[in-house]
Amino acid sequence: MQTNSIIMQTLCVPCACHCRYCLLSWDGRPIGADYARSECVALRWFQWLKELRPEISFHFSYGFSMEHPDIAHVLDFLKSIDSVSAHYLQMDGMRTRDDSQLASLTALLAEHSVEHLNFTFYGLPEYHDAFAARKGDFDLMLRTVKAALGNGLMVSAGIPLSHENTAQAEALLSILQDTGMQNIRYFVPHSEGRGTVLEPIRFSQDDYDRLPDPVRSRMNSSVYRSEIAWLQSDELTEETHRSLLLSLTSENIRRYETEDPSVLIAEAESLDDTYYSAFPSVRTLAENYGDTGNTRWYSLRDMKWHWRQRYLRQHPLELYDVCNERQTGSRRY
């Protein structure tokens with residue numbers, strides 16, 4: 001298993017939303033280490049990796065939202081360490097602003113190397129606001145899109161589809177296109193974080209069959225498929241690469257400030273190895289835990305996660321969850 005990249009994060013910035021399927025299970029309580037200390041750690045690790053492990057790419061990020069009080073400084077730092085988030089920002093959960101403030105914010109982002117803003121829309125205004133648990137959130141994001149376009153930024157939107165909102169997909173597409181946005185994609189939400197609460201309304205083949213062509217053409221059916229289709233696929237291979245996620249907290253940041261990075265990398269790799277070695281091969285999981293009658297859709301990574309969860313229900317194991325993105329873990333691919 002080859003480690004190709006490291007993402008270091010500190011979840012120290014509040015998010016203004018409480019979305020139903022939040023990957024990070026935002027509960028109103030920041031859990032990350034102090035940002036200033038985390039930035040110093042990130043610089044230390046960037047320099048160490050560049051000198052001693054240049055084959056591993058390194059990125060630094062923060063959350064739960066991008067609403068940092070000194071975002072200009074943050075963006076300049078991210079640019080200095082070649083982090084992708086210096087140029088691409090996820091704009092969900094930002095605080096409410098009027099049009100003048102949005103114009104100033106997006107102008108500031110453009111001045112500090114940001115090129116692309118991404119937004120998540122859950123459906124039409126009433127449904128979106130309820131899903132994000134913030135009244136007026138749809139309007140805020142739509143106004144932010146317009147302000148961003150006015151300042152020359154690229155914008156894109158991701159729209160998670162479920163059985164609940166499929167009927168809203170085409171009308172939402174029209175609203176977003178009317179702003180001037182063209183980069184719009186539809187996807188099936190994952191099961192990580194609070195994603196499990198969406199299982200009763202998971203997007204299915206019947207939902208896909210009802211999609212109008214303008215929506216269907218913006219959904220990648222090679223990435224998202226029914227479980228039936230995955231079971232018939234020749235893509236059920238073992239992962240060969242991984243990305244490590246190192247999550248800084250007040251409890252562990254001292255170690256990241258002082259200890260040899262190679263030791264901490266080895267620890268994270270060991271967590272990954274221990275977790276995945278507890279399961280049978282992907283094909284064995286598919287053969288024994290695949291549901292040949294399930295028409296609900298998944299990404300391949302999500303499908304494998306479901307098979308492993310079915311295995312765990314029959315073989316209870318005490319495993320550290322490397323898939324929980326609130327804590328140090330990994331992603332295999």
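**Figure 1. Arg 143 is buried at 19% relative accessibility.** The cut-off for buried is under 20% relative accessible area. The model shown is predicted. Arg 143 pairs with Asp 99 in a salt bridge, with the closest N and O atoms 2.7 Å apart. Asp 99 sits in helix α3 and Arg 143 in helix α5, so the bridge ties together parts 44 residues apart in sequence.

**Figure 2. The second largest cavity has a volume of about 70 Å³.** It is lined by 13 residues; Met 91, Met 94, Arg 95, Leu 140 and Thr 144 are the closest to its centre. Helices α3 (99-111) and α5 (137-150) each give at least two lining residues. The largest share, 4 residues, is from α5. By type, the lining of this second largest cavity splits into 7 nonpolar, 2 polar and 4 charged residues.

**Figure 3. The largest cavity has a volume of about 110 Å³.** The structure holds 5 cavities of 30 Å³ or more. Residues lining the largest one include Glu 192, Glu 239, Arg 301, Asp 302 and Arg 332. α11 (261-277) and α13 (300-314) are the elements that supply two or more lining residues. The largest share, 5 residues, belongs to α13. The lining of the largest cavity counts 4 nonpolar, no polar and 7 charged residues.

**Figure 4. Arg 331 and Glu 192 form a salt bridge (3.6 Å, N to O).** Arg 331 lies in strand β10 (residues 329-332), and Glu 192 in the loop between β6 (183-187) and α7 (205-210). The two are 139 residues apart. Glu 192 is buried, at 6% relative accessible area. Arg 331 is partly exposed, at 31% relative accessibility. Glu 192 also lines the largest cavity.

Figure 5. Asp 207 is buried at 0% relative accessibility; Arg 210 is exposed at 53%. Elsewhere, salt bridges with shared partners join Arg 242, Glu 269, Asp 272, Asp 273 and Arg 332 into one network. The whole structure has 26 salt bridges.

**Figure 6. The largest nonpolar core contains 83 residues.** Met 8, Trp 45, Phe 58, Phe 121 and Met 219 touch the most other members. Helix α1 (residues 35-52) gives the largest share, 7 residues. Beyond its neighbours within four places in sequence, Met 8 contacts residues including Val 41, Trp 45, Phe 58, Leu 246 and Tyr 256. Another core, of 18 residues, lies apart; among them are Tyr 275, Tyr 276, Ala 286 and Trp 305.

Methods. Residues are numbered from 1 along each chain as its sequence is written. This is a predicted model: local features need pLDDT of at least 70, side-chain atom pairs count only at pLDDT 80 or more; totals for chains, interfaces and linings use all residues. Side-chain values use heavy atoms; hydrogens and water are left out. On a 1 Å grid over the protein atoms alone, a cavity is a set of points where a 1.4 Å probe fits but cannot get out, and a pocket is an open set with protein on both sides within 12 Å along at least five of seven lines; lining residues have an atom within 4 Å of a point. Grid points are joined across faces, edges and corners, and a volume is the space filled by probe spheres set on the points. Ala, Val, Leu, Ile, Met, Phe, Trp, Tyr, Cys and Pro count as nonpolar, Asp, Glu, Lys and Arg as charged, and the others, Gly among them, as polar. A nonpolar core is a set of buried Ala, Val, Leu, Ile, Met, Phe, Trp, Tyr and Cys residues joined through side-chain atoms within 4.5 Å. Buried means under 20% relative accessible area, exposed over 50%, partly exposed in between (1.4 Å probe, protein chains only). Contact means heavy atoms within 4.5 Å. A salt bridge is a side-chain nitrogen of Lys or Arg within 4 Å of a carboxyl oxygen of Asp or Glu.
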